[in-house]
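Hi,

Here is the structure I promised to pass on. Have a look at it first, and then read my notes below.

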Amino acid sequence: MIPDLKQKLKAYVEDFNRLDDELYPQAVPNRGAYDFLARQIPLLECPDRQLEETYYFRWWTFRKHLKETPHGHIVTEFLPAVKWAGPFNSINCSACFHLREGRWLADPDGWMKEYIAFWLDGHGDAMSYSAWLASAVEEYCTMRGDEAFGAACLDALIDLYRRWEEKALQPSGLFWSDDDRDAMEFSISGPGLRPTLNSYMYGDAMAIARMARSAGRGGVAEAFERKAHDLKERIQRLIWDGDFFKGIPCAKGAQIGTEQRPEVPPDHDVRELVGYIPWYFNLPDEGFEAGFSHLRDERGFRAPFGLTTAERRHPRFMFENPHECLWNGPVWPFATSQTLVAAANLLRNYHQTALAKEDYLVMLRQYAASHRRVDAAGQTLHWIDENMHPFTGEWLARGILEKWGWRPEAGGYERGKDYNHSLFCDLVLSGLLGIGPDGRGSLTADPLIPEEWDYFCVSGVWFQGQAYAVLYDRTGERYGEGRGLTIRKLSVLI
């Protein structure tokens with residue numbers, strides 16, 4: 001029998017609401033959180049209380065960021081208004097995460113479609129920061145079974161791709177980006193030909209090609225397949241240094257040879273988590289996977305409170321800078337999200353020995369455990385903010401902003417509270433549990449769960465207009481649906 005998990009959700013929401021200082025309510029305030037989430041999200045039951053609790057907490061915070069505008073609903077990154085945002089406090093750098101999470105909502109009113117249209121119709125600045133919008137739109141359309149919407153978005157996505165080419169494509173055939181415009185300011189590698197935008201553009205080219213082919217536009221598909229192929233070849237030849245995908249620091253317009261990777265000064269020659277982004281899009285051929293071992297290495301990216309954004313062995317790790325947002329070592333949920341998507345793709349799509357499924361769960365559980373803050377009274381609060389000290393667990397930007405007296409020009413009081421700049425729910429659903437399209441029009445699941453898990457249930461997965469339950473029951477006694485993995489259609493109206 002499929003369990004009714006709404007009472008579990010209700011208990012979590014009541015706890016989150018009770019402990020919350022609701023500072024900036026938007027379209028769905030705390031008083032409506034349970035009713036909204038009960039209709040909208042896949043409900044989860046699993047043996048890991050920490051994962052389960054954080055899963056519901058992140059849906060509870062995601063709901064806070066739904067905002068109504070004259071151009072439809074959008075999803076915000078910060079709750080208070082920040083001066084560097086675009087219209088209606090929109091920021092595009094995390095929009096692709098918003099869509100990857102939001103594709104799991106039942107969403108009968110099409111708020112995620114409105115959000116996509118917001119960017120593609122020019123109401124928001126889709127080029128303010130680096131992003132991978134075409135890939136995110138394709139993921140949304142595949143989950144929803146809405147090829148017609150994807151086809152309708154195609155021309156705008158093609159235009160956006162060409163504008164990025166005009167803005168950032170260099171004579172080397174690679175794209176140039178500033179680490180600040182990658183939303184990764186003050187990195188060790190700095191501006192240049194980075195794994196970030198180059199991987200995003202590969203992912204978008206492949207997404208456009210697939211959507212164009214589905215829409216019967218073979219010429220467009222072939223053109224973007226060529227773009228993706230050429231970009232992949234250059235990334236593997238120039239950004240790969242024989243050991244890791246690393247940025248090539250340079251000024252925009254600098255002449256870079258196209259035959260081999262140039263020598264990089266030691267101060268900027270560094271492994272950073274961005275080196276795993278190519279696997280977010282399944283870009284690399286087999287044979288590049290050994291670098292994933294650095295995720296398990298304390299000289300690499302492993303630290304007590306998360307994955308460091310730069311390798312710990314580098315002499316400029318955590319270098320001094322007065323800015324509150326540094327990507328030279330602190331733990332960033334944004335980077336952790338990209339890395340865990342890449343790791344899940346590696347585990348499912350590549351033959352390799354650098355990473356095991358147990359490593360994925362270790363990283364995901366560590367990430368879940370970081371969603372905490374102890375207040376001045378010693379009370380532990382559910383929390384997600386900007387960046388974290390890898391050795392103390394302090395939310396770094398928050399501490400600095402508090403010392404500055406919550407300056408209005410820096411975003412004001414508790415600007416980072418409930419920060420919507422990363423994934424979590426998707427990392428459980430698609431990453432750990434492997435739920436998603438099978439590539440042939442059906443829903444599948446390929447869990448990376450540990451041997452000691454006897455069960456899990458996800459009820460209310462909306463896939464191509466139909467609700468499903470995905471269950472695992474080792475003995476068949478908990479749910480009465482048989483042993484092992486079961487995917488079952490549900491009779492649910494929304």
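A quick term before the rest: contact here means heavy atoms within 4.5 Å of each other. Keep in mind too that this is a predicted model.

Let's start with helix H1. It covers residues 6-19, and its 14 residues reach 20 Å from first C-alpha to last, close to the 20 Å expected. Leu 9, Tyr 12, Val 13 and Phe 16 are its buried residues. Looking down the axis of H1, you'll see them fall within an arc of 100°, so they line one face of the helix. Gln 7 and Arg 18, on the other side of H1, are exposed. What do the buried residues of H1 pack against? Their partners are helix H2 (33-40), strand E1 (43-45), helix H3 (49-64) and strand E9 (380-382).

Searching the whole structure gives 40 aromatic pairs. In one of them, the ring centres of Phe 118 and Trp 119 are 5.2 Å apart with the planes at 80°, so this pair is edge-to-face. Both residues are buried. Trp 279 and Phe 292 also pair edge-to-face, at 4.8 Å centre to centre and 80° between the planes. Trp 279 is in helix H10 and Phe 292 in the loop between H10 and strand E6, so the pair ties together parts 13 residues apart in sequence.

Finally, some charges over rings: Lys 10 lies over the face of Tyr 34, 5.8 Å from the ring centre, and the charged end of Arg 316 sits 4.5 Å from the ring centre of Phe 319, over the ring.

Cheers

Terms used. Residues are numbered from 1 along each chain as its sequence is written. This is a predicted model: local features need pLDDT of at least 70, side-chain atom pairs count only at pLDDT 80 or more; totals for chains, interfaces and linings use all residues. Side-chain values use heavy atoms; hydrogens and water are left out. Helices (H or I, at least four residues) and strands (E, at least two) are DSSP runs, numbered from the N terminus. The expected span of a helix is 1.5 Å times one less than its number of residues. Buried means under 20% relative accessible area, exposed over 50%, partly exposed in between (1.4 Å probe, protein chains only). The arc is that of the directions from the helix axis to the C-beta atoms. Rings of Phe, Tyr and Trp (its six-membered ring) pair if their centres lie within 6.5 Å; planes under 30 degrees apart count as stacked, over 60 as edge-to-face and the rest as tilted. A charge sits over a ring if NZ of Lys or CZ of Arg is within 6 Å of the ring centre and within 35 degrees of the ring normal.
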